[in-house]
Amino acid sequence: MKRITVPASKEYEVVIESDFNNLKSEIEKVYSGEKIAVITDSNTSSLFYKTVENRLIGYRLYEITVPYGEKSKNAENYIKILSRLAELEFTRKDCVLSLGGGVVGDLSGFVASTYMRGITYIQCPTTLLACVDSSVGGKTAIDLPQGKNLVGTFYQPSLVYINTSALDSLPKCEIDCGMGEIVKYAFISKEITASDINCGASEDLIKKCVGIKADVVGKDEFDKGVRAILNLGHTIGHAIENLSGYTLSHGLCVAKGIGVIIDLSADFYHLSEEKVNEMKSLLGAMNFDLSIPFTKGEIGKKLFLDKKAERDGINFVLIKDIGDVRVEKLSEDYIRNTFYGDDAFSV
């Protein structure tokens with residue numbers, strides 16, 4: 001068992017285990033009630049719900065299932081879940097447990113943060129992406145048709161319980177999705193190397209990622225400063241996701257976004273060819289298809305709907321060096337000139 005403390009305004013632990021055997025004892029440390037709504041998706045339910053139910057004997061569990069996929073992270077499902085909690089007579093003393101990936105986690109967290117102005121919330125991430133990123137830090141959200149994560153709150157869980165054996169059930173595309181976020185951490189911190197990435201997901205690699213994120217969240221819980229570096233690749237990545245109708249995975253889109261950011265960084269910081277090649281080599285350690293199936297103009301239109309867009313430009317996380325990423329505001333004129341027309345991106 002590995003433990004990492006997230007030093008947010010409400011301090012909590014991330015527990016990394018190889019099974020669900022200690023889930024109940026960990027929940028008992030943070031929750032003294034009886035009722036737990038387990039919010040999950042159609043895929044995860046069939047894989048893990050019965051196991052979790054068997055581990056949580058003594059609690060009154062209520063399963064709430066949404067369809068699998070990003071399109072479930074919407075206002076309609078949000079209201080449906082809130083209504084279901086009200087039907088079940090949940091109170092502020094009860095608990096929501098998220099069982100699934102980032103979609104379920106974001107949706108569940110938003111529900112927990114707003115139902116009766118906030119009830120206990122526990123994360124049990126079952127995808128690599130959720131383990132290393134979205135389950136930690138307290139960001140909750142739903143999507144709008146115009147873009148991803150446009151409605152949400154900051155609401156820290158009381159516990160994050162990672163069962164690494166759950167990752168064994170994932171198809172390669174889901175592991176790749178998580179690796180896209182892991183490579184983001186490799187650019188943010190030199191703790192993660194190309195060798196780590198080549199070796200694939202491991203308990204130690206997950207702990208490294210969680211540790212990096214916990215440190216950043218502790219410094220800037222509400223995303224008003226340094227936490228913005230965790231958005232590396234996301235501004236462009238979210239645009240690609242939205243344009244694809246969410247048929248391309250989040251992590252893959254982040255990786256594609258980082259590829260564009262390397263080129264923007266080279267231009268902005270006047271980086272040497274050697275430095276750019278070093279960055280591209282690190283990104284290439286994943287062996288992903290980094291091509292972007294949309295024009296620069298299509299991406300550009302979406303960028304101005306991003307949460308980081310302001311009246312005089314958009315804040316991008318650029319890479320000055322591996323381990324040295326910085327938030328820079330690129331002017332509206334620069335963005336319109338860079339992301340304009342029917343030109344394709346070079347890879």
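**Strands, helices and core of a predicted model**

Asn-149 lies in strand E8 (residues 147-154). Helices (H or I, at least four residues) and strands (E, at least two) are DSSP runs, numbered from the N terminus. The structure is a predicted model, in which local features need pLDDT of at least 70, side-chain atom pairs count only at pLDDT 80 or more, and totals for chains, interfaces and linings use all residues. Residues are numbered from 1 along each chain as its sequence is written, and side-chain values use heavy atoms, with hydrogens and water left out.

Asn-149 has a phi near 60°, a positive value in a residue other than glycine. Burial follows relative accessible area: under 20% is buried, over 50% is exposed, and values in between are partly exposed (1.4 Å probe, protein chains only). Asn-149 counts as buried because its relative accessibility is 16%. Met-116 also has a positive phi, near 50°, and is a residue other than glycine. Its place is in the loop between helix H4 (102-114) and strand E6 (120-125). Met-116 counts as partly exposed because its relative accessibility is 39%.

Strand E8 has a partner in strand E7 (residues 139-144). Five bridges join the two, which run antiparallel. Strands pair if DSSP finds at least two bridges between them. Thr-140 has Thr-153 of E8 as its bridge partner. E7 and E8 form a hairpin with two residues between them.

A second hairpin is formed by E1 and E2, with five residues between them. Five bridges join these strands, which run antiparallel. Lys-2 stands opposite Ile-16 in E2. Strand E2 is also joined to E9 by five bridges, and here the strands run parallel. In this pairing Ile-16 stands opposite Ile-162 in E9. Five of the six residues of E2 are buried, so the strand is largely enclosed by the rest of the structure.

The loop between E8 and E9 holds Ser-158. Ser-158 counts as buried because its relative accessibility is 13%. Its side chain makes a polar contact with the side chain of Lys-10 (3.3 Å). A polar contact is a pair of N or O atoms within 3.5 Å; within protein, one must be able to donate a hydrogen and the other to accept it, and residues adjacent in sequence count only if both atoms are side-chain atoms. Contact in general means heavy atoms within 4.5 Å. Not counting residues up to four places away in sequence, Ser-158 touches Lys-10, Tyr-12, Val-30, Thr-120 and Tyr-121.

Strands E3 (residues 35-41) and E4 (residues 60-66) run parallel and are joined by seven bridges. Lys-35 has Arg-60 as its bridge partner in E4. With helix H2 (residues 42-55) between them in the naming order, E3 and E4 make a right-handed β-α-β unit. Right-handed means that, with the strands pointing away from the viewer, the path from the first strand over the helix to the second runs clockwise. Glu-70 is found in the loop between E4 and helix H3 (75-87). It counts as buried because its relative accessible area is 14%. Leaving aside neighbours within four places in sequence, Glu-70 is in contact with Val-103, Asp-143, Lys-148, Glu-241 and Tyr-246.

Helix H8 (residues 203-219) has 17 residues, which should span 24 Å at 1.5 Å a residue; its end C-alpha atoms are 25 Å apart, which agrees. The expected span is 1.5 Å times one less than the number of residues. Buried residues of H8 include Leu-205, Ile-206, Cys-209 and Val-210. The buried residues of H8 pack against strands E1 (2-6), E2 (12-17) and E9 (159-163), and against helices H5 (128-134), H6 (172-188) and H7 (194-199).

The largest nonpolar core has 71 residues. Such a core is a set of buried Ala, Val, Leu, Ile, Met, Phe, Trp, Tyr and Cys residues joined through side-chain atoms within 4.5 Å. Phe-187, Ile-197, Ile-236, Ile-299 and Phe-316 have the most contacts inside it. Helix H10 (residues 250-269) gives the most to this core, with ten residues. Among the residues that Phe-187 touches are Leu-232, Ile-258, Ile-262 and Met-279. Met-279 has its place in helix H11 (residues 273-284). It counts as buried because its relative accessibility is 0%. Met-279 is in turn in contact with residues including Phe-187, Ile-262, Leu-271 and Ile-319. The C-alpha atoms of Met-279 and Ile-258 are separated by 9.7 Å, with the two residues 21 apart along the chain.
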